[in-house]
Structure formats: C-alpha cells, structure tokens
Amino acid sequence: MATRDRHHQLADMSADAVLSFAEQRHAARLDAERDILEAAYQWAVLHSPDALPPADKRGRERAKPAGAVGTPRITEYAAATFGARIQTSPYGAKRLIADAVDLVHRLPKLWAGVQAGKVRSTHARHVADATRELSAEEAGWVDGEVVEIADGRLAWTRFEAIVEGKVAAASPELARAKEEAAAKDNYVRVSRINKHGKATLTFHADAALILGSNAGVTAVAKALEDQMPDATKNERRVAALALLTNPQAHVDLTVGPVKPKVEIVLHCTPDSAIARMEGHGPLTVEYVRHLVEHYASGVKVQPVINLNQGASVDAYEIPAKLREAVHLIHPGDTFPFAANLSRKVDLDHQIPYAEGGPTSTDNLGPMTRTHHRIKTHAGWQVRQPFPGIVIWRDPHGAHYLVDQTGTRRVTGTTADQTPTRAEIALMQLTVDWAA
C-alpha cells in the first residue's frame, strides 16, 4: 500500500477500524521478525566453514561457534553482509545469528513455538542470550520451563525476572560465580550519557555501601537548607556530593576553586548560537562562555581547517593535521550502519596504499578494528567519490551509501528518475570495481 494511500485510508477509518489496522500490522511485524530469525539461522548454515568451496578460505581459519560452546561454527565475516541487509551493525547481526543457532540446537521447544507463530522472537532471543553460558542440558531445562509464557502474555520486565530465576535455578554454581565476580566489580566512572553540558558519575559497589553513601549525601543536603534556601532538593544533593568528595568546593558549584585538568573539545561557528562539545552534544554559546569563565584553566584556539580543499601527504603514515581533517569530514565510523563516534579508531586507506591509494582526505575513512578487518578480508569494497560520501559494495553486489545522514541502500534509477549525485558516482565506479 502506497504511503499516501495508506494515510488517506487511515484518515477515513473509525476508531475500531484504526485499532484493527494497527493489530494487523503488529501481527505482520511479529511474523517478519520470525522470518528474519529463521533467515539468520539459514545464513549460519550457508556460512559453515565446511560448506565453503575448497578454494575459498575467507574467514575459515578464524571460524568460531555461532552461538554457545558446542554449536556449529560460522566463518568470521559472515555476519557483516547479513547485518547490512537488515540495517544493523556486524555486531548486531552476530548476536542475532547466535540467538537463532542456540534456539535451533539448544532450545527446541522455543524454536518450535517461533516457527508455529506461538512464541515471540524477541522473547525466544532473550532466553537464548540468557542461557548461553549454561550447558546444553541446563539450557534445555530452562526451555521447557519458560516456553509457555514466551508468547507476550507477560510484561517484559516480569518475563525477564522469571527467565533470570530459571537460569539461576538451572545452574546455582554459575549463579554463585557471577555473584563472586560482581562482588569485585566496584568502580566510580563517568558515564558516556552526556548531553547539554551535563555528565553522569556512576558509583557501582555493594548495595550496603551505596545505601550508606546515599544516606550521607541526604544528611549533608539537609544541613545545607539554610545556606541554599532557594535550591531544590536535588540541587542540594548535588552540592552535598561535591562537598563530600571535594571539601574545598564552594556551595555554589559555579565558583568552586578546584579546576581539574581535562580536555574539552568545542566546535563553534560565528553565525550559530549552538556549539558542539565532542562526546557530549550541542551546547549554547552562553554555556560555552560559562564553561570557559568558571572551569577552564586555559583555552587553545585551533585554526580552521578548510575541508573544501583536499589534503594529502606522500607517505603511508597519517600526520595529526590530516587525521583531524578526516575526523571533521567523517565524525563517525564509515561502515554501513555503524554506531561508533570515537576518535579511537583506525583510519583506513579505502584504496590500499600498496595499490596506489593516496594518503589523503578523499581516500581515508575511520573504522573500528572489526570493521577494518571486514573491509580488508571479507570481500567488501569501498570508495569515496566525494568528500564525506562513502559508497560500499558487499560481497553479493549490494551497495550502501554512508554520509552525514546515515546509511541508505543504493539502487539503480528508472528512466523517469533523475539520478542523485551518489547514484551518478556509483555508475562511474562500476567500471573501476569491475576491474
């Protein structure tokens, strides 16, 4: 059904008809999820190292069990191609394939329920993941215990709690080992969830220690009521934590005397009221001024790099200035549907340096080490026809366009369509790739 026709049809529906329509589409979505799960298992079968032609060694040497220990092996790079077709990362596809393989080989009752349309694929996958460290016999016991309630009848959190209890009951030894490991997992660290100039400090320790620390924060916050009469309870609690962890801090957190040495990278333009703090997101210019005035012990203004003029060096090594230019053109991993935005990635020569590829902004792209290995060893090809526009071709001939807006599947144009810039580039690259 065309989008416009569907919208017109929905506008004419009664309340009962809209509910019926939504129910039908929801059922179709559940069916599609089951189909994709079955396809993931078949993909694993097709990519067993034993199924490869004798001359094809790609990924054979590093093949590993597709799911839990003892499940059939799958070649190293198989997940990447499958993941791109369903718009997910190689990591996400690897997890999907692992769940499917475990369901077939270790959780037969849940798998039969999935195939019959009685078990939700999301619920079956959760059980597969939760039982991966169990033996086959222990996983089989959990399978029989939870299959009846894996049809969506329970709220998700309740289903999770039941599965967790069954897994612990299946292997008390494993549960105890996890408790002992958790007892050593104590830390205080800054979370990656940082936006609008705010950050999150995570304190992970024994429950008793956390409760005692929380009581201490509460007590100090109570004592600050007279000094901070207009502050909210949470504002006083933040001030209390600052005083407990840094006794020299002023109650007004904006004028604290302690200025720790940290590096904050801010991207600003003269015509915008919004700046970008790397790792944190957008900030107003007013807040940037606040940061500089109250927290910065020094400010270093870097010269603007003209990204419209390509930069290159006559060497394989990548100097810092060129690396910075590549990061500004490609702020994230350039592999299809990749999520990584870190600077701690490889810079790949898209056309290999040994094959004449230059060390330049129009031939370099950031990738995680895993995606770099996929590109190098698994039959994927990549070109950058224009700065910031990357076109990938998977081993089966599908093309993906990666730019600042994300990843899109690129297909040919019909006679009455005007080809896009990327499609023109793809046509131009066809001869190059064929060669």
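## Two helices in contact

In this predicted model, Glu138, Trp141, Val142, Glu145 and Val146 of helix α7 meet Val163, Lys166, Val167, Ala169 and Ala170 of helix α8, where contact means heavy atoms within 4.5 Å and helices are DSSP runs (H or I) of at least four residues. The residues of this contact divide into seven nonpolar, no polar and three charged, with Asp, Glu, Lys and Arg counted as charged, Ala, Val, Leu, Ile, Met, Phe, Trp, Tyr, Cys and Pro as nonpolar, and the others, Gly among them, as polar.

Helix α7 spans residues 136-146 and helix α8 spans residues 156-170, and they pack at an angle of about 145° with their axes 9 Å apart; the axes are lines fitted to C-alpha atoms over the stretch in contact, and angles run from 0 to 180 degrees between N-to-C directions.

## A pocket between two domains

Because domain 1 (15-181) and domain 4 (298-434) both give residues to the lining of the second largest pocket, this pocket lies between them; the domain bounds come from an automatic or database assignment. Its lining residues divide into eleven nonpolar, four polar and five charged.

## Basis of the model

Residues are numbered from 1 along each chain as its sequence is written, and side-chain values use heavy atoms, leaving out hydrogens and water. Because the model is predicted, local features need pLDDT of at least 70 and side-chain atom pairs count only at pLDDT 80 or more, while totals for chains, interfaces and linings use all residues.
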